[in-house]
Amino acid sequence: MCRKSFRFLALTVAVTATLVCADEFKARAQSEDPLSGDLIIRALRQMEALAPNADEYWSLLMASVDGSINKGNYEKGIIVAQEGRRYAEQNFAPNDRRANAILNRLALLYKHTNRYADSALLYTEAYQGSMTAFGEAHPDTLANLMGIGSVRALEGFQAEAEDLLAKAVRIGRERLGEEHEMTLTSLNQLGWFYEAQGRYGEAEPLFVKAYEVRIRVLGKTHEHTLISLNNLAALYHSQKRYDKAEPLYRKALELRRDTLGAGHYDTLLSHLNLATLYLHQQRYADAEALSSEALIQAVQNLGADHPLTLAVANGLAGALDHQGRYQEAEELFRRVMTAKLRFLGERHPSTLVALNNVAAHLHQQGRHEEAKALYEQAEVGLLEQLGPLHPDTLITQLSMAGNEVGLQQPEAAAKRLLDMEKHLLTWLGTELHTTASAAARRGLVFSQANYQFFAISLALRYPDFEPAQELAALAALRFKGVQAEEEALLARLARRGREPEAAKLAAEIAANRSRLSRAFHEGGEDIDSLKDVLEAKELALAKVSRRYNRSLQVRSASLEELRQSLADDTVLVEFRRYEPFEFERLESGLPRWAAIVIARSDVLKVVDLGLVGPTLPLIRSLLGSDDTTAAQPLYDRLVAPIARWIVNRETVILAPDGDLHLVPFHRLADPDGRLWAERDQLVRVVQTGRDLIRPSSSEGGGGLLALGGVDFTAGEKPAPVGQGHDESDPFLSRGQAEALRASTGEIFRGGFKALKESKEEVESIWRRFRIIHRNEPAVMWTERKASEARLKALESPPRVLHLATHGFYRPRVRPTERPMLLSGVALAGANQALKGDVEDGVLYALEAQGLNLEGTELVVLSACKTAQGEIDHSEGVYGLVRAFRTAGARNVLVSLRPVGDASARRFMDRFYRHWLEETPDDLTRALRETQRDYLDEGNRKDWVPFVLIGTGTSS
């Protein structure tokens with residue numbers, strides 16, 4: 001009883017504080033400053049007459065100017081600054097720092113009041129004066145140079161602004177040093193410029209550098225250090241990296257509150273930032289409580305019209321809106337919009353965001369016509385001020401499309417999305433090529449997933465509207481696996497070595513990947529530091545390639561080209577995990593599966609397959625055991641809803657998404673209990689539909705390279721021969737306690753078991769290949785020759801690469817681990833490598849990306865769990881398949897689960913016989929015939945683990 005009463009009291013206090021705060025904000029917003037310009041000037045002249053000396057008067061005048069700036073009372077500040085300029089011209093020499101300072105303040109005030117031309121003239125005058133008096137490296141000169149750059153950016157001259165701000169950074173670094181405060185300020189200014197343009201990847205290293213130096217030089221509580229801390233948190237927030245932003249915001253708020261007080265501008269800014277983060281995390285009650293507290297302080301200390309007060313009020317309105325308190329929210333939204341229109345003007349980016357917020361509120365209330373006018377006004381201004389690539393512009397346009405659906409105008413919505421797509425892909429390409437953090441790159445595509453969710457949802461709402469179906473198909477074609485596509489492009493450019501700089505970076509990347517992989521299982525070196533070095537090299541390579549490839553390669557993918565690549569008897573099913581877009585609420589629902597069915601001419605259909613959640617235990621059941629109980633329920637969920645469009649097709653091409661990459665589709669059973677592998681249909685599995693239209697490599701691989709019978713000990717006392725991979729873990733046990741430990745290094749130190757059958761496996765394949773392809777080289781590496789170093793040193797790619805060895809996949813333990821370090825294969829000396837005695841032996845997926853396999857037709861990973869990896873809901877599986885595909889392989893044959901040594905040998909012998917002797921141009925048919933051999937024999941187990949990923953053909 002007491003606990004419930006206390007909870008009710010706390011809620012009542014919070015609500016009351018909100019209402020009181022809103023009323024005070026309303027009252028103050030309606031009040032006018034009683035001081036006129038004449039009274040201000042008269043007061044200043046009296047103060048001048050009474051001042052004991054010029055320095056005393058000047059200090060008081062500058063304090064008045066700075067106070068007006070800090071409180072957002074810009075018009076009053078302009079009057080005082082203009083009077084100060086008059087005084088300076090009469091009493092100081094032209095090159096006096098005081099004269100320069102008042103020009104700088106007046107220019108800043110003009111900028112705040114949108115008088116950009118006047119601001120630029122004053123900044124330029126101040127810059128020229130300080131250049132003459134003090135030189136280009138003086139802090140005053142750099143401050144004015146940055147002022148010109150910031151105003152030119154607001155005027156829309158982005159290239160000129162970037163040049164000016166970059167010049168300030170260069171001068172600061174060269175003349176003042178990396179640790180000088182003006183250098184750090186210039187880094188922040190250039191970072192702000194990039195962030196304001198949505199160029200987050202370019203902003204991040206600047207903010208990180210400024211913060212790291214300031215915390216070392218100034219200490220963690222210095223106001224400039226806290227500014228850098230807040231900037232970095234805000235950037236992570238913009239990138240939707242909320243897990244990184246929140247602790248930094250909290251730290252900044254705590255330190256500012258302790259050192260500056262609750263009512264200080266910087267403290268209130270930290271309140272606002274954290275409350276906005278809560279809003280975006282859908283923690284609406286937390287956002288409301290924090291916004292209410294901040295708004296009370298802001299009104300009292302800054303005034304109701306201060307831009308920060310308005311921003312806090314806007315955040316509070318958002319929190320109220322999401323909690324269904326629509327009337328209160330709308331009143332606040334409109335007061336913020338009115339105040340910003342009055343003080344900032346109708347074209348200021350902050351005003352435009354306020355217009356969008358009111359429009360979104362009306363949209364959610366079903367008042368679509370009212371919302372339309374405000375959306376249009378916001379869009380015009382955002383295009384003019386920020387451009388078509390900026391995230392704020394794109395968000396507004398997506399909301400406008402949702403409002404058009406509310407107006408029953410699907411044609412307009414589809415056209416808007418189609419127009420948006422090229423801009424979104426361009427922005428995404430820039431970020432992928434400029435963001436250093438691999439984790440951030442992984443999250444980029446998903447951070448913009450609302451576009452795809454919208455396209456799929458629109459197609460489902462209007463199933464007979466062909467443009468909506470086409471839009472959804474195009475979104476899947478161009479956005480799915482887009483980062484993998486760009487990684488493969490970079491690897492291809494580096495392999496070809498036509499640009500010396502790219503080739504040099506590629507070699508450095510390969511060396512750094514090896515070093516990171518060794519550190520991963522040996523320990524000793526700082527893995528995070530090594531990861532940072534590697535990511536810097538990868539980013540440098542991306543920038544080199546960017547000079548020759550100005551946009552994402554996927555932009556050239558055409559839906560018509562995809563359809564024409566399909567034979568008349570073939571159908572493509574592009575699976576997609578999506579969150580249904582609620583057009584009226586501008587929100588997404590629980591994750592669901594969709595299938596986009598595409599045929600050459602007669603079918604283009606988007607079909608909802610139901611919730612993702614119920615399918616996951618079915619997938620785990622089918623993946624992890626020989627029990628087929630889940631085979632029919634999974635078929636009912638994933639295949640039955642689209643059966644009418646695929647049942648009579650000779651070939652079905654499946655492009656899985658998310659967890660569906662782990663579905664053994666050949667094991668799914670129809671209502672009659674017949675497995676898909678038993679049907680006459682040929683089932684191919686690709687990563688995306690783009691695989692079907694990707695041009696073949698101009699460089700074809702030659703011959704066979706087969707590795708097996710690997711000596712994992714390489715000099716140590718031989719380990720006992722194991723019974724194969726059928727056991728639960730491929731590593732020797734050091735006792736049950738150690739086996740249960742999560743540390744990869746400790747598990748690995750048990751050692752890999754010898755695989756007796758794998759040598760016979762590769763010998764059989766080698767003999768068969770030599771007989772059938774007498775004109776091609778066939779090479780076999782066994783025992784110590786089957787080494788990682790030799791594989792990495794391949795100069796010419798083989799047509800077929802066969803690895804019969806141990807594979808592994810381990811779920812992530814450390815949050816900072818790169819997922820491509822979680823899977824790999826063991827090669828010669830692997831057990832010694834795990835102890836740190838030799839440099840190679842374990843080939844991680846991270847390293848396999850750098851192999852020279854361009855033109856390789858088939859990679860076979862005859863090992864355990866080689867299809868597994870970390871699932872990303874926009875990029876598929878981070879693991880060995882992705883790695884070997886990035887390295888250039890067209891097709892990869894892998895296993896979904898553990899497979900025995902002897903059973904792997906028998907399966908591969910049959911597969912190669914069918915492929916090389918019966919279906920030399922069709923790997924998929926060879927795999928199907930192999931599966932049927934087992935089924936005809938009544939063996940419904942040993943054929944199950946293997947899947948082929950790729951087009952399944954030689955081209």
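Three strands line up as β11-β12-β13 in an open, antiparallel sheet, where strands are DSSP E runs of at least two residues, helices are H or I runs of at least four, and both are numbered from the N terminus. Two strands count as paired if DSSP finds at least two bridges between them. This is a predicted model, so to speak: local features need pLDDT of at least 70, side-chain atom pairs count only at pLDDT 80 or more, and totals for chains, interfaces and linings use all residues. Residues are numbered from 1 along each chain as its sequence is written, and side-chain values use heavy atoms, with hydrogens and water left out.

- The edges are β11 and β13, each pairing on one side only.
- From one strand to the next, the twist averages 25 degrees.
- β11 (residues 807–809) pairs with β12 in the antiparallel sense over three bridges; Tyr 809 sits opposite Ser 823, and Phe 808 has Gly 824 as its bridge partner.
- Buried means under 20% relative accessible area, exposed means over 50%, and partly exposed is in between (1.4 Å probe, protein chains only).

**The six-stranded sheet**
- Another open sheet runs β9-β8-β10-β14-β17-β18, with mixed pairing.
- Neighbouring strands here are turned by 10 degrees against each other on average, direction ignored.
- β17 (residues 891–895) pairs with β18 in the antiparallel sense over four bridges, and Val 892 stands opposite Ile 949.
- Helix α33 (residues 756–772) lies across β8, β9, β10 and β14, at about 160 degrees to β8. Axes are lines fitted to C-alpha atoms, for helices over the stretch in contact, and angles run from 0 to 180 degrees between N-to-C directions.
- Helix α39 (residues 923–936) lies across β14, β17 and β18, at about 170 degrees to β18.

**Nonpolar cores**
- A nonpolar core is a set of buried Ala, Val, Leu, Ile, Met, Phe, Trp, Tyr and Cys residues joined through side-chain atoms within 4.5 Å.
- The largest has 129 residues, and Phe 454, Leu 458 and Ile 598 have the most contacts inside it.
- A second, separate core of 112 residues includes Leu 541, Leu 675, Val 825 and Tyr 844.
- Beyond its neighbours within four places in sequence, Phe 454 is in contact (heavy atoms within 4.5 Å) with residues including Leu 398, Val 405, Phe 581 and Phe 583.

**Thr 396**
- Thr 396 belongs to helix α19 (residues 391–406).
- It counts as buried because its relative accessibility is 2%.
- Its side chain reaches the backbone oxygen of Asp 392 at 3.1 Å.
- Setting aside neighbours within four places in sequence, Thr 396 is in contact with Asn 356, Tyr 375, Ala 378, Glu 379 and Leu 382.

**The whole chain**
- The protein chain has 39 helices and 18 strands, and 56% of its 955 residues count as buried.

Key
A polar contact is a pair of N or O atoms within 3.5 Å; within protein, one must be able to donate a hydrogen and the other to accept it, and residues adjacent in sequence count only if both atoms are side-chain atoms.
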